[in-house]
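User: Hey, I'm new to this one. Can you walk me through it?
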Amino acid sequence: MALWTQMTQQLQHLTTQMLNELYPETFPLDIRHYLASWIEEQGWENFDVDNVEQEPQARMLLEQMMRLLQDVALQNPNVVERVKLQHISRNLCIFQPQPLDLVRTVRDMLRKEKKVLLSRAGMHPNFQHQPMHQGTLASNNTVQLPRDDPKIDVDKLVLKVLEIQNCRQTLYQLQEELNWEKQEAESAPGQNEMDPQNSDKVARQNRIKQLEFNCSICVKKRLQLLQEAVCALEHCQSCLMHRIKSWRWEQHRATIGLHFDDNLGPLQTWCEQLLGVNGNLRQEVMLVKEDHRGDLEFHTLEESLEHLLQTLIQSSLLVDKQPPQVIKTQSKFSTTVRYLLGEKIAPGKPVLLKAQIITEAQARNLGQQGIVPNENVGDLINSTAILEHNTSSKSTCATFRNMSIRKIKRADRKGSESVTEEKFALLFTTELTITGCEKPYTIQTISLPVVVIVHGSQEINAMATVVWDCAFSEPNRIPFVVPERVPWKQMCDALSSKFMSEVQTDRALDRYNLHFLAQKIFDQPDISEDYSNMPVSWAQFNKEVLPGRNFTFWQWFEGVMDLTKKCLKEYWSEGLIFGFIGKQHLHVILQNKPHGIFLLRFSDSEIGGITIAYVGPGDNGGRRIQNIQPFTKKDLDSVGLGDRILDINCITHVYPDLPKQEVFKKFFTAPSTPHPDGYLPFKLTTVVNPGDPSTSSQNMPPQADPSSGIYNMGSPFHNMNPEMFPSHSSRATPPYMPDHTMSVPESIFTSTIQSNPVDMEDMDPMDMILQICQ
């Protein structure tokens with residue numbers, strides 16, 4: 001009873017609304033007061049209210065509660081209190097069909113009481129909601145209570161509607177009984193009307209007065225229950241609208257790789273339940289209104305329910321599968337729109353959904369539902385689709401499969417604004433009728449912002465606009481407002497999420513990578529300060545070129561993502577690529593390492609390149625750090641990174657000191673077998689500065705002259721003019737000279753073609769040349 005003792009001290013400070021929320025009509029304050037000790041002794045938290053197998057235990061508690069109330073009523077000397085408690089005890093029968101609802105009601109009441117006590121004690125009221133056993137405390141001595149569950153709210157709402165319906169039926173029964181008693185009284189013999197000795201007549205008059213009193217009480221209770229139910233519906237629907245907005249927001253943020261659960265099933269169930277509750281309440285208000293014509297209270301209830309209905313119907317249209325956020329004109333794309341109340345659409349003619357493209361300014365003017373922009377800013381092909389119901393998935397969707405933008409009308413741009421910075425959206429509109437509603441409703445929804453381009457060369461810059469919009473826009477913004485500057489720590493989160501999403505990897509950018517990116521975008525390579533709160537602008541992101549380069553930060557970063565996604569995903573995911581690192585940091589971690597130690601870093605001078613930095617011999621027998629010319633996607637498509645690392649003899653151990661043959665062995669290509677038609681396999685080999693002293697002559701093929709950089713094959717054809725034959729080498733290596741390499745400057749790599757030995761003794765010279773070329 002300790003909890004109730006504390007609550008009694010706080011009751012006088014609570015508002016009427018708070019008291020009604022704590023102790024609803026189905027479980028009034030009187031029960032809590034008279035059965036306080038017994039209530040707090042029961043294990044309400046031990047029940048699983050969704051488990052029907054626990055209904056027998058819940059029914060036992062219900063029956064015990066009713067008996068206790070009857071006992072308390074019989075012992076109460078106050079006649080009014082005694083009658084009241086007996087009436088409350090009988091009303092508990094409402095829980096008989098579903099006794100677990102009583103458990104849920106008492107459990108929630110106790111949780112709310114604890115919340116009130118915590119807030120009154122000065123503790124933060126927004127505690128974390130988690131299921132717990134009654135009386136359990138968290139490590140910080142605050143009670144951990146359950147998260148607000150929409151299912152619980154809807155269940156309470158349905159229970160409230162059931163209570164209203166039962167109240168109506170009770171009222172009708174009382175009125176019928178009253179009418180019968182009045183009829184009997186009127187039909188009684190006239191001579192006995194005023195006879196005080198007529199006990200039957202007196203008893204009948206008393207019954208009539210009691211029935212009239214009960215009817216008046218029931219009428220008031222019915223009205224109160226209706227008002228409470230409408231308020232509860234408003235609260236529950238407000239939670240639903242918030243969740244729908246959150247779903248849209250999470251869908252928007254998924255563009256940069258943040259988690260998004262696209263399952264609309266729970267939201268659809270929620271919408272359908274609230275629509276059913278709204279219909280039942282409108283029916284109850286209509287029945288009450290017939291008995292109380294002209295009453296302003298009922299008119300207000302009607303208006304509230306109609307507004308809730310309109311909001312629910314219009315907010316249930318969602319873009320389930322968004323169109324591409326970068327759309328090229330004359331190219332096909334698809335999108336899917338889903339209506340969460342599809343099963344409630346009135347049967348009849350098909351519901352046709354129409355799409356049109358709108359500008360940012362037009363999107364801002366869509367504040368009033370039903371207003372469709374008149375000006376057409378784009379020619380959209382295949383812009384209509386029918387809402388179709390899928391019985392297996394229980395979803396109602398309109399799928400636009402072959403949409404295309406034929407042409408687009410641009411707005412007047414200001415200053416240096418580019419066409420790839422202009423944002424549009426797709427607007428979807430339709431008119432439909434819901435079963436049980438008299439009038440049709442015009443509903444609409446818009447897609448996420450899209451950028452329309454006319455050439456593939458604009459795609460990267462357009463994607464920069466999309467990424468900035470997705471990463472830094474605020475919820476419930478005015479379309480499509482984004483800040484011009486954001487803190488670098490916010491940019492870090494966006495870049496790392498986008499990188500993982502694009503590459504499809506679980507390995508994020510680490511603090512060394514992000515620090516170098518900050519040095520890059522702020523052009524401060526020698527500063528090691530914390531950049532977290534430093535503002536970075538849209539111009540720095542993708543308008544201004546990097547110092548000494550001809551590309552922007554985003555163009556360079558996107559090139560790295562594209563290379564990693566297409567050629568280096570496994571290397572990155574397994575931690576074999578160091579990634580973004582500045583040369584200053586590079587020298588710090590490699591300066592004391594022995595010859596042959598190397599690491600893989602993304603090029604900071606070339607878009608979409610990866611380079612090998614290694615420790616090699618320097619002047620006077622010292623060390624120096626070399627960077628091999630970056631490999632691009634084209635290079636790695638011809639020979640994979642693992643094979644190139646294997647070929648380069650001057651690198652032996654990957655940072656910090658792991659043998660490359662062990663670390664990269666899974667990426668090495670197995671030797672090719674002879675082709676069935678007689679062709680000999682060949683291999684492209686990567687060599688770094690073969691004239692360097694670090695490259696041992698024993699690694700070169702026989703008959704090679706290390707000083708000249710030319711391998712002498714001893715063939716009469718090695719001095720032939722190379723222009724006689726086309727080059728098949730990725731680095732212009734003449735194909736007529738197998739095992740040929742060139743001496744190249746440091747930091748340059750070359751590829752050579754090696755073929756298997758050929759028996760040329762009896763071969764015609766020209767056939768021999770052709771065989772080598774092939």
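User: Where is the place of P656?
Analyst: P656 sits in the loop between β17 (653-654) and β18 (658-659). Helices (H or I, at least four residues) and strands (E, at least two) are DSSP runs, numbered from the N terminus. Before we go on, this is a predicted model, where local features need pLDDT of at least 70, side-chain atom pairs count only at pLDDT 80 or more, and totals for chains, interfaces and linings use all residues. Residues are numbered from 1 along each chain as its sequence is written, and side-chain values use heavy atoms, with hydrogens and water left out.

User: What kind of peptide bond joins Y655 and P656?
Analyst: A cis one, with omega at about 10°. Another cis peptide bond links P479 and F480, with omega about -20°. F480 is in the loop between α13 (459-472) and β12 (485-487). For background, most peptide bonds are trans.

User: OK, backbone angles now. Which phi does N382 have, positive or negative?
Analyst: Positive, about 55°, although N382 is not a glycine. Its loop runs between β5 (378-381) and β6 (384-386).

User: And is N382 buried, exposed or partly exposed?
Analyst: N382 is partly exposed, at a relative accessible area of 46%. Buried means under 20% relative accessible area, exposed over 50%, and partly exposed in between (1.4 Å probe, protein chains only).

User: What about D523?
Analyst: D523 has a positive phi of about 55° and isn't a glycine. You'll find D523 in the loop between α15 (511-522) and β13 (535-537), and at 44% relative accessibility it counts as partly exposed.

User: Switching to sheets: what's the strand order in the open sheet of 5 strands?
Analyst: The order is β16-β15-β14-β17-β18, with mixed pairing. At the edges are β16 (623-627) and β18, each pairing on one side only. Two strands pair if DSSP finds at least two bridges between them.

User: How many bridges do β15 and β16 have?
Analyst: Strand β15 (residues 610-617) and β16 pair in the antiparallel sense over 5 bridges. Y614 stands opposite Q626 in β16.

User: Which helix packs on that sheet?
Analyst: Helix α19 (residues 583-590) does, touching β14 (597-602), β15 and β16. Contact here means heavy atoms within 4.5 Å.

User: Last one: how many residues of α17 are buried?
Analyst: 12 of its 15 residues, so α17 (residues 553-567) is mostly covered. Among the buried ones are F553, W554 and W556.

Terms used:
Axes are lines fitted to C-alpha atoms, for helices over the stretch in contact, and angles run from 0 to 180 degrees between N-to-C directions. The expected span of a helix is 1.5 Å times one less than its number of residues.
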